[in-house]
Amino acid sequence: MSHYLKMKMKKILIPTVFFTVCHLAYAQGESSAMRVMTLPTTAHNVALGGENITAMDNQPGVGLHNPALLAGTDTRCAALQFMTYADGGKWMGAEYAMAFGERHTGAAYLHFMGYGEMDETDASGNVIGTFAPKDAVMGVGYSYLLSDHWAGGANFKAAYSRIADFSSASLAVDLGLNYYDAEKALSVSMVMRNIGAQIKTYDGVVERVPYNLQLGLTKGLAHLPVEFHVTLTDLTRWKKSDFLTVPDTEKEKQNGDGTASLSTGRLMLNHLVFGIEVKPRENIWIAAGYNFRRGYELQAAGKGHLAGLSAGAGIRLQRFSIGLAWAKYHMAAQSLMGNFAVSF
């Protein structure tokens, strides 16, 4: 009886704490600080639009999007990723996850972002040297299997950024819940990513970390190897001023001061990421996604060719799996991510 009561208390207490923290974090707003914490961490996620929190996978990188998904990874697994970014930037990551006991899974993460070498200038624009901006994120994750279908999890992360002689540091946590029913091919999640604050600022300028409340759904078809993925993101931001706007007399309404205003429909779509995945065999996946906000903002910047789209594929061979995905995150360049995972 005592074991039964403990399980019931955990099922009640964890969701209660989750939604309480969700309410307290509501006031956190958009910020450019530590944006490296928003980048996707697996080729699978990149292919599905970059914001997926429900796709089940065997590699530990899924825990950076939803720590509850760590419960579905292999007993012991490690992964490496590498992604090209704009203007010579490079992102790389490494993760390791291990299950212990019947319901517990722990993980460790280390990610690094280098932006290439840049000219350092004085106030008059004269070049006085060069510098190489860089970001690093490290952390640990934990997932607990609440029942046969429910799992909860959390990440604790520390991020460091350096630009020339200036540096910044932040601490953040992620909280996630997932419901998964293999027989119905159904996965539903809720995640709060990057709840935290700066502990060291750039020259005294305080910025917020990029908090993001997300809801997600993955549903497979009964008689076809196809899954549909829908993610709702930035669910605490509903002011039009939170998003990029540009003058467009055909699609946007103009304010009295001549600046552009998002339509209500565009504001709604900016919260939506859609993906579709085909599995011709159990160990092969082919996926594509569309990120509506990214597509609109890149089009607004004059880089509409394939804006918002992403695609990728992967294969698993016994204990090894590889994946490759393409996406466009910046108007200056396209990005490729490759990842390699191994199960022990």
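Author: Helices (H or I, at least four residues) and strands (E, at least two) are DSSP runs, numbered from the N terminus. The model is predicted, so to speak of a local feature requires pLDDT of at least 70 and side-chain atom pairs count only at pLDDT 80 or more, while totals for chains, interfaces and linings use all residues. Residues are numbered from 1 along each chain as its sequence is written, and side-chain values use heavy atoms, with hydrogens and water left out.

The chain holds four helices and 18 strands, and of its 344 residues 45% are buried, a word that stands for under 20% relative accessible area, with exposed meaning over 50% and partly exposed the range in between (1.4 Å probe, protein chains only). If we take the contacts (heavy atoms within 4.5 Å) between residues at least 6 apart in sequence, 55% of them join residues at least 24 apart.

One such place to look is T54, which sits in the loop between α2 (43-47) and β1 (76-84). T54 counts as buried because its relative accessibility is 0%. Setting aside residues up to four places away in sequence, T54 touches L69, S187, V188, S189, G216, L217, T218 and H229.

From that list, S187 belongs to strand β9 (residues 186-200), and with 2% relative accessibility S187 is buried. Beyond its neighbours within four places in sequence, S187 is in contact with T54, M56, N178, Y179, Y180, G216, L217 and T218. With N178 there is also a polar contact, side chain to side chain, at 3.0 Å; the term means a pair of N or O atoms within 3.5 Å, where within protein one must be able to donate a hydrogen and the other to accept it, and residues adjacent in sequence count only if both atoms are side-chain atoms.

Most residues other than glycine have a negative phi. D234, however, is not a glycine and has a positive phi of about 55 degrees; D234 lies in the loop between β11 (226-232) and β12 (253-254), and is buried at 7% relative accessibility. Q318, also a residue other than glycine, has a positive phi near 55 degrees and is found in the loop between β16 (309-317) and β17 (320-330), but Q318 is exposed, with a relative accessible area of 78%.
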